[in-house]
Amino acid sequence: MLLGSYSYKTSGTVEISGEQIVLPNESGALEVQKESENALRLVFNQMGGGVYMTTATLKDDVLTLDTLFRTIQVGLEPYDLAVVGTGNYHDGIIIFDLQYNGTSMQSDSTLLGKDILMVAKK
């Protein structure tokens with residue numbers, strides 16, 4: 001069953017104003033809860049960081065995330081992000097393919113990540 005507690009880890013590369021940057025790995029706990037008939041609530045509790053939440057629709061073991069808004073720190077610069085993506089569930093593991101799109105809170109730089117991987121294991 002998809003509902004329950006998971007540990008997760010993200011990795012990937014983003015482009016910041018034309019330069020490729022490897023993101024620091026993020027890890028934490030993920031709680032998947034039933035919100036309605038075909039909707040799930042995903043609560044991410046980042047290790048040493050904040051808590052963020054989004055909802056997702058589930059169809060044929062594929063989760064489609066609603067846009068998640070959050071802030072990440074890359075180097076010394078914080079970025080406001082919009083995160084979208086999908087996740088495939090199989091045997092207690094969810095593999096998310098995420099896309100990041102954000103802007104710096106301190107400068108005119110932008111952040112774009114097309115292939116951010118998050119693996120969550122029950």
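The protein chain contains zero helices and eleven strands, where strands are DSSP runs of E of at least two residues and helices are runs of H or I of at least four, numbered from the N terminus. The model is predicted, so local features need pLDDT of at least 70 and side-chain atom pairs pLDDT 80 or more, while totals for chains, interfaces and linings use all residues. Residues are numbered from 1 along each chain as its sequence is written, and side-chain values use heavy atoms, without hydrogens or water.

The C-alpha atoms fill a box of roughly 45 × 25 × 20 Å along the principal axes. Buried residues (under 20% relative accessible area with a 1.4 Å probe, protein chains only) account for 39% of the 122 residues.

The largest nonpolar core has 30 residues, and Tyr 100 is among the members that touch the most others. Such a core joins buried Ala, Val, Leu, Ile, Met, Phe, Trp, Tyr and Cys residues through side-chain atoms within 4.5 Å. Beyond its neighbours within four places in sequence, Tyr 100 is in contact with residues including Leu 23, Arg 70, Ile 72 and Ile 116; contact means heavy atoms within 4.5 Å.

Tyr 100, Leu 23, Arg 70, Ile 72 and Ile 116 also belong to the lining of the largest pocket. A pocket is an open set of points on a 1 Å grid over the protein atoms alone, where a 1.4 Å probe fits, with protein on both sides within 12 Å along at least five of seven lines; lining residues have an atom within 4 Å of a point. Strand β8 (68–74) is one of the elements that supply at least two lining residues, and β8 gives the most, with three.

Terms used:
Buried means under 20% relative accessible area, exposed over 50%, partly exposed in between (1.4 Å probe, protein chains only).
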